[in-house]
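Take a walk through this two-part structure, one chain at a time. Start with the overall build, then look at where the parts meet.

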Amino acid sequence: MPRILTSIVLVALFAAAACAADRPPTEDDYYPMLRMPIPPEAYLEAGGLEWLADGRLAVCTRRGEIWMVENPTVAEPEKMKFSLFASGLHEPLGLVERDGWIYVTQRGEVTRLKDEDGDGRADVLETVADGWGLSGDYHEYAFGSKFDRDGNMWVVLCLTGSFTSNVPYRGWCLRITPDGEVIPTCSGIRSPGGIGSNADGDVFYTDNQGPWNGTCGLKHLRPGGFMGHPIGNRWYDEPLAADAMGSRPVEPKTNSRIAAEEKRVAELVPTAVMFPYNAMGQSAAGIACDMSGGKFGPFAKQLFVGDQTHSTVMRVFLEKIDGVYQGVCFPFRSGFGSGSLSLQFAPNGAMFVGGTDRGWGARGGKPYALDRLDWTGRTPFEIHEMRAKSDGFELTFTEPVDTATAGDGKSYEMKTYTYIYRSDYGSPEVDHTTPTIKEIRVAADGRSVRLVIDGLQLGHVHDLRAAGVRSKTGLPLLHDKSYYTLNRIPAAQ
Amino acid sequence: MTELPTFDGLRRALWWLFLGLAIAGVSAAFSISNAALLAAVDDDDEEFTEVTAAERQPNPKTGEVGPIADRPIVAAFERFHASDGADVVAGGLLLLGELNCTSCHAADAASDAIAVKQGPLLGDVAGRADVEHVGQFIFDPHGTKPGTTMPSVISTLPEAQRGRAAEALAHYFLSIRKSTFALSAPDGAAVARGEAQFHQVGCVACHAPRRELTADLDERIGVSIPLGKLDVKYSIASLSAFLSDPLVVRPSGRMPHMALTAAQAGDIASYLLKDTDAPAPLHYAYYEGSWNDFPDFDKLQPVHAGNASSFGLGQQSRNDAFGMRFDGFLHVAEEGDYQFWLSSDDGSRLFIDEKIVVDHGGIHGTTTKDGRTRLTAGLHPIRVEYFEQAGEEVLTVEYAGPRIERQLIPASALSSTDKPQGDKPTFELDAKLAAKGKVLFATVGCASCHQLGPGFELVESKVAGPPLAQLDATKGCLSDPPSGDVPHYSLSARQRIALSAALAAIRTDALPKKSPASRVHQTMTALNCYACHARGEIGGVPATRNEFFTADDKDLGDEGRLPPLLTGAGDKLQDKALDAILTSAAVARPYMHARMPQFGAANLGAIAADMIASDRVDAKLPEVPDAHNQARHAGWKLVGKNGLTCISCHTFNQHKSSGIQSMDLAIMGERLRPEWLHRYLLEPQAFRPGTRMPQAWPGGKTTRPEVLSGDTNRQINAVIAFLSEGRRARIPEGVIRSSLELIVGGEAVVYRGFLDVAGARGIAVGYPEQVNLAFDPVAMRLAMLWKGRFFDASKHWQGRGNGFQGPAGDDVLRLVDGAPLARLEDAQKTPWPKETGKEAGYRFRGYRLDALRRPTFRYDYGAMRVDDYPVDQWTEGGPVFTRTVTLAAAEPAQDLYFRAAAGDKIEKQGDGSFVVDGRLKLRIETGEDAKPIVRRVGSSELIVPVKFDGGKAKFVLRYAW
């Protein structure tokens, strides 16, 4: 054991030295990507992924199939085996296992499947819940979550179109109880791209640029909350909604700002993290939380969010101030094979990313792909967390910083902006400001930096570039951009 | 001469007073004494320094909001030069052109810096405008049309003479063009269409919106070019003719050609003149509701009402479940017997003198009924009532009488009022006055700005002032109040400052140097291009007008609805394309509602050449080794679904994408310069901030390494080479769907998706024996059977997958609609309930697959569990379905029936089977106590009593077709 450890350390040191000497480090140096060997008979537009208790990876596809992958974490792709478990499903976008059943969220229902005769293929398909409408528009996607702490599955339902909700609960989040009952949980959804929980078990989804969404964002599904797009609010009159959600919120005003409308519309939950359009992506998608306890590197308990258009995965750190979530996103990994749609961690810390570019092009270039990220064991030099303070921000780093560069005001650039909250499609960046970094305090251990800032802007993205910061060993940040959405300013401690 | 006080309140009071006089048609208004005027407004001495709440209410006549403008409104001056710190010299130069100062004061060396606005051609003015209004306008331009850029040229005359002078000029116009001007009332439907057009084609880029805004109202006060009181100036016909081609009478292009069809021009004219004080042929009222016969319209509240030009439809807001009532007076020239015909779908009836003449009530298709009555000469109240329940909607009203052959009742025989017409004094031409007017036209300065136009004599103005370079900016037009015998522009202090600054710059030869970029800016300012377009840091749709810019598809976002950014336009566009946009109304964005106006080549000057000179970047295309054909092929691949999937969002040669319909790729080649396109494709955001166009080569690197060795320059060259083929280009992969047929082998194949007949959650199953079915898991019914090929999934599995898909095979048989099971009190008479699905107590439970993967559909009906298991079977007569239905219940229901079929005709055969509508042969195996029943309740139905035995019931149906 000590010998192995030593050799890992040596390899790491060697690699770090090589990086520093020859070229700036790249994402590949820390999180190499393996393209999984999809057999030609599988058109694997992966809408949902699940790690099964027996060590297999399950993949549901937009063409309605479920494939099983044996040995998904081995180093040698030829040892993996793909087999078809089910077919004939309606564009499923959510997969989770419980008690030997595979639960899948189709457009029109949550279904559980089982292979009773042991031939490897499902032969029982039980409808668990179908308590929402489906009128036949392609926008009407349904994304299903993993089970929450109470055993409920959360389903987010896209609107009928960008501007319409033709049948009940389009534009809502519903909870499905273990008995298959439906509990309306949040309204105001536009076009989800994924759903997942943070380490505390609170549930988030991604919503996409469009009406009432100036840019894509990560939103907290606070039960009873209104997520921003009011067209689906007509369903507050449905008996189930009336019981669970109370009365209909007041209409938000168009051409406003979320921070302003939050004061008028009590139920409006501000977007926890706005993903600046184009800078971070164009189609926010699947969510996964690193619960591997460090097996995936230094980002334990942080969220990872796919972007379908850019074929990337972003990293998100969240904090809760005065009961409201907010936080920061960083670029994490690019170069996935297709449009990153579904994310899943394996217990060993591997991250699987499934993709499709059908209907919405993606940089990756392949019509579909399944990729695996493994952590090499070497720690990238990154901003680990960015926390709001009463007078600025605190940055923590994955490696100790060089005090001189980290303490130098020229190492940082900050600007802020936000988006119009409006009924029209999307928004340009507006209300630009340039705050002043008044003071920089580098912690004695070099692990954190306090930025004291004049001009924090509520409701704005704080766009920070830390291009000048170096690690103690002289490395630049692997990603020097970060975008913090400031919904609340914490009180001074 | 008494100078009019200039503060706002008095000016507004005067304006309203004149408005009243004008409407009353008192031509003597011209000579009303100044003292009387002042007396009338004496007590209105309040100064308006702030906008009060009442003033924010749109003026009901003009729709204008806010304080009445007290200065000539030049939109770009108001927007860019009227605030502190603005460029006053540039603002002054703009005003020198827009106020046409150079028509009296020679610009000489400064002429390059001034875009001159020529005044409207007046030869035809008596044909297009009410001459009384024209006289009133000359008498007091600023009071009649606040904000006008026309100065008062007779303001130095004594009051009485001023009235006579204005009158003389009006007579002069009448003498050179006989007035055919006649008011007519607008049609309600045209008004509604015109309102929509006015607010979406781009009129409100320059003029104030005329309906409620959600945006704050304050900001639109200054930048709106005032329209004045259109309804006392124009008739619908004359305004419509003007709008069809404004450049004919206003060659300056400040009011551009909006590429309106004649019908659209008429609609907008009708809307702008909706309050015209002219009697309409009829009044209509429109109601909504579903009726089987005439409702009591008196007790109903109309949804809307207004004028109508004839009996007939077209005003309705929807095509089913509505009613109309028309009221007016029929003008009968000769006493006699009259006959009336009503043709309608659904009901209609006609009253004359409040007595019914034709009654054609009830629900029916288009049929005709007639009636007769004797009428005396004179006006008779006439009323037609009409209602439509569903389906087609038709209404025509005809009549015949002495010397009148059967015909539609013409507008000329109808009037919405019984007041006698034509008592308004007509403006009789006075030749002596006209001759005086002719002299005035040349001597007071009219002819400095206005010509009569083609076909009329050329009038030389006798007025001239010193050249601009010699003007004293404290005197003449620019002193406050104007001094001497000069035109009165009603300039604001800011305007005076700007003009003075410009004159000083001219005098001292300190004008800014001209460059192509500054000339583009000068033209864009004068023509108010900035109201729609941003170029550099300047212009663009202001926030207060943003909501009026719309597109066919809101999903296109701002790029679909807002006119494009013109930064670098001369670099971006090919010479011909730029020319086509500026001078031929070329449309590249058919989804955008705002039109690109046409300003007239003369007014555009060299803007195209200047844009090119100012914008074009000297960037060469990188050298690539690929021949055109090779590049074109690679480009074809890159554009398609296996490449960069450009076709996901872009229309291709009018083939729609499966997503949004962004600009047609087939026109890119003729529009865009390759040198620009190459740079744009590398970094779309740099050229169009916020665009949804993805960066296909992020960081300059390819994402498609397999094409042309992954070389970015070669790939971009390939895309450009492909696009250069334009409409001749080969259609890329993914634009037209290829078949993705699901083939059924030894096992059944299940497909779930948006299915015809079976619905959005439909489940289709293809069986090994080449029969197929579709099950509807909402209504729990077997919806459809067919033979042969199973299903083509291409619609759902390519692109975004929108739409419903039917069977791939043939012999498609639709089965009975509605719920499968019901309790019937009386098996012969109780109608089958209409409720289905959850409403009727059903819940879908999923399905199980047998060894051949054939599903047993399972659902609950109340407390009963139902299994529905269709299997395919080969018989001598071909393939059939055998369907076993099993019910389980702890407490079996009584009077429970299963509906096996419904149709026009169900015949029992000798072998005990049933034939439904001559097509489906259905054999039902049940217990002896549960024999199928054929019954007729509306249609014929075949129902099976469900009899439980030990908590279970079972029956088998065999479908052959």
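How many of the 493 residues of chain A count as buried? The share is 56%. Here a residue is buried if 20 or more other C-beta atoms lie within 10 Å of its own, exposed if 12 or fewer, and partly exposed in between, with C-beta atoms placed from the backbone.

A word on ground rules. This is a predicted model, in which local features need pLDDT of at least 70 and side-chain atom pairs count only at pLDDT 80 or more, while totals for chains, interfaces and linings use all residues. Residues are numbered from 1 along each chain as its sequence is written, and chains are lettered from A and ligands numbered from 1 in the order in which they are written.

Stay with chain A. Its secondary structure comes to 4 helices and 32 strands. Helices (H or I, at least four residues) and strands (E, at least two) are DSSP runs, numbered from the N terminus. Chain A has a radius of gyration of 22 Å, close to the 23 Å that the globule rule gives for 493 residues, so it is as compact as a globular protein of that length. That radius is taken over C-alpha atoms, and the rule is 2.2 Å times the number of residues to the power 0.38. Along the principal axes, the C-alpha atoms of chain A fill a box of roughly 65 × 60 × 35 Å. Take the contacts in chain A between residues at least 6 apart in sequence: 60% of them join residues at least 24 apart. Two residues are in contact if their C-beta atoms, placed from the backbone, lie within 7 Å.

Chain A is assigned domain 1 (27-373) and domain 2 (383-485). Such bounds come from an automatic or database domain assignment. The C-alpha centres of these two domains of chain A are 29 Å apart. Across the boundary, 32 residues of domain 1 of chain A are in contact with 28 residues of domain 2 of chain A. On the domain 1 side, α3 (258-264), β17 (273-275), β20 (312-321) and β21 (324-333) of chain A each give two or more residues. β21(A) gives the most, with 6 residues. By class, that side has 17 nonpolar, 11 polar and 4 charged residues. Ala, Val, Leu, Ile, Met, Phe, Trp, Tyr, Cys and Pro count as nonpolar, Asp, Glu, Lys and Arg as charged, and the others, Gly among them, as polar.

Now turn to chain B. Chain B has 30 helices and 32 strands. Its radius of gyration is 38 Å, whereas a compact globule of 961 residues would have one near 30 Å. The C-alpha box of chain B is roughly 115 × 90 × 50 Å along the principal axes. Of its 961 residues, 46% count as buried.

The assignment for chain B gives domain 1 (282-415), domain 2 (628-728) and domain 3 (741-960). The C-alpha centres of domain 1 and domain 3 of chain B lie 50 Å apart. Look next at helix α14 (residues 236-244) of chain B, where the buried residues include Ile236(B), Leu239(B) and Leu243(B). The buried residues of α14(B) pack against α6 (125-128), α13 (230-233) and α15 (262-272) of chain B. Is Ala686(B) buried or exposed? Ala686(B) is exposed, because 12 other C-beta atoms lie within 10 Å. Ala686(B) sits in helix α28 (residues 684-687) of chain B.

Where do the chains meet? 39 residues of chain B are in contact with 39 residues of chain A. β22(B) gives the most to the chain B side, with 6 residues. By class, that side has 15 nonpolar, 14 polar and 10 charged residues. Strand β9 (residues 124-129) of chain A pairs with β22(B) in the antiparallel sense over 3 bridges. Strands pair if DSSP finds at least two bridges between them. Within β22(B), Gly846(B) is the bridge partner of Glu126(A).

Last, the cores. A nonpolar core is a set of buried Ala, Val, Leu, Ile, Met, Phe, Trp, Tyr and Cys residues joined through C-beta atoms within 7 Å. The largest has 201 residues, and those that touch the most other members include Val59(A), Met351(A), Ala901(B) and Leu922(B). Strand β26 (residues 896-903) of chain B gives the most to this core, with 6 residues. A second, separate core of 108 residues includes Phe77(B) and Tyr530(B).
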